[in-house]
Amino acid sequence: MTALSCAEARSLVSDYIDGELPSGVARALEQHLETCHNCPPLYASLVQTLADLKSLHDARGVEELAARVLSALEDAPPIPDEEER
Amino acid sequence: MHPKGASFASNTAVAAEASDLDLVVAARSGDRAAFGHLVRRHGGRLLSLARQMVGPESAEDVVQEAMIDAFRGLDGFSGNAAVGTWLYRITLNRCLAERRRRRPHTVDSEPLDLLRRWEDADYSVDPAVVAARRSQAETLHAVLDLLPERYRNALLLHDGQGLSASEVADALGIPLGTAKSHIRRSRMALVSLLAEDDQGLLEEVR
């Protein structure tokens, strides 16, 4: 694989992060990142930003949700199908 | 197993061991407690989805509405997908509808100028600036809101929720190649937006 241009390297970075590049292409990208001045900060920013997106995960409040749903179902008018049964 | 005529209401230990399908069958016959157990089992993932998609303020309302949709649609559950996937899809649809309701006139323009920067070998960003802006949750949410909806949705499902690209494609009803392209462009645009304080640039992608 010949050396990558910055534009080529940047178009591959997203797939690289997802581990979807063939190994030869991944190696070429790694070599580019080792020698390039401008691409590594973009790569680092992408990786760190995606890690922060993962940390947005917030699954609290399940019990409260179940209570709210059950209470809403109690208050709700019957489902049309139920009336026919 | 769910004994005929019994309710899961009084027996949470039995409900905890019941399969999702057992709970669906029971809920279909009017056992609301069984449905409550399904909500408990899958609700965390649904709340996480809604908090990212519509924001923490309205997430609980949106998930509640989605669960009422699901309860009313129990007869339509075909069993082709897992129960969790079915509930997730209903919640996602509610989230997308809420986004459309809030921003009915959004022009989903292409942030081409932003993405073209990445083709310029001289373009780079300062990771410290990106990190500083990202660390303010409000800024991160505001910047995510600047992304075109289709990019934002694909990005949050993939990188916020951990769905694979093919699951994202499935959930949004778009081809896999399109989902991958949305994810890639969205990531790049997000970093560029975080790197800028330039309000003009932020307006540019609106």
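How far apart do the C-alpha centres of domain 1 of chain B and domain 2 of chain B lie? In this predicted model, the two centres are 28 Å apart. Domain 1 of chain B covers residues 12-102, and domain 2 of chain B covers residues 112-204.

The two domains touch. Domain 1 of chain B puts eight residues into the contact, and domain 2 of chain B puts in six. On the domain 1 side, α3 and α5 (83-102) of chain B are the elements that give two or more residues. Helix α3(B) gives the most there, with four residues. That side holds three nonpolar, three polar and two charged residues.

Next, the contact between the chains. Here 40 residues of chain B meet 32 residues of chain A. Five elements of chain B each supply at least two residues to this side: α3 (32-54), α4 (56-72), α7 (127-134), α9 (149-160) and α11 (176-195). Again α3(B) gives the most, with 11 residues.

The table sets out the make-up of the two sides.

| Domain 1 of chain B, touching domain 2 of chain B | three residues | three residues | two residues |

Now the confidence values. The predictor gives the complex an ipTM of 0.85 and a pTM of 0.86. Chain B has a mean pLDDT of 87, and 87% of its residues reach 70 or more. Among the elements of chain B, α4(B) has the highest mean pLDDT, at 96. Helix α12 (residues 199-204) of chain B has the lowest, at 50.

How values were computed: Residues are numbered from 1 along each chain as its sequence is written. Chains are lettered from A and ligands numbered from 1 in the order in which they are written. This is a predicted model: local features need pLDDT of at least 70, side-chain atom pairs count only at pLDDT 80 or more; totals for chains, interfaces and linings use all residues. Two residues are in contact if their C-beta atoms, placed from the backbone, lie within 7 Å. pLDDT is the predictor's confidence in each residue, from 0 to 100. Domain bounds come from an automatic or database domain assignment. Ala, Val, Leu, Ile, Met, Phe, Trp, Tyr, Cys and Pro count as nonpolar, Asp, Glu, Lys and Arg as charged, and the others, Gly among them, as polar.
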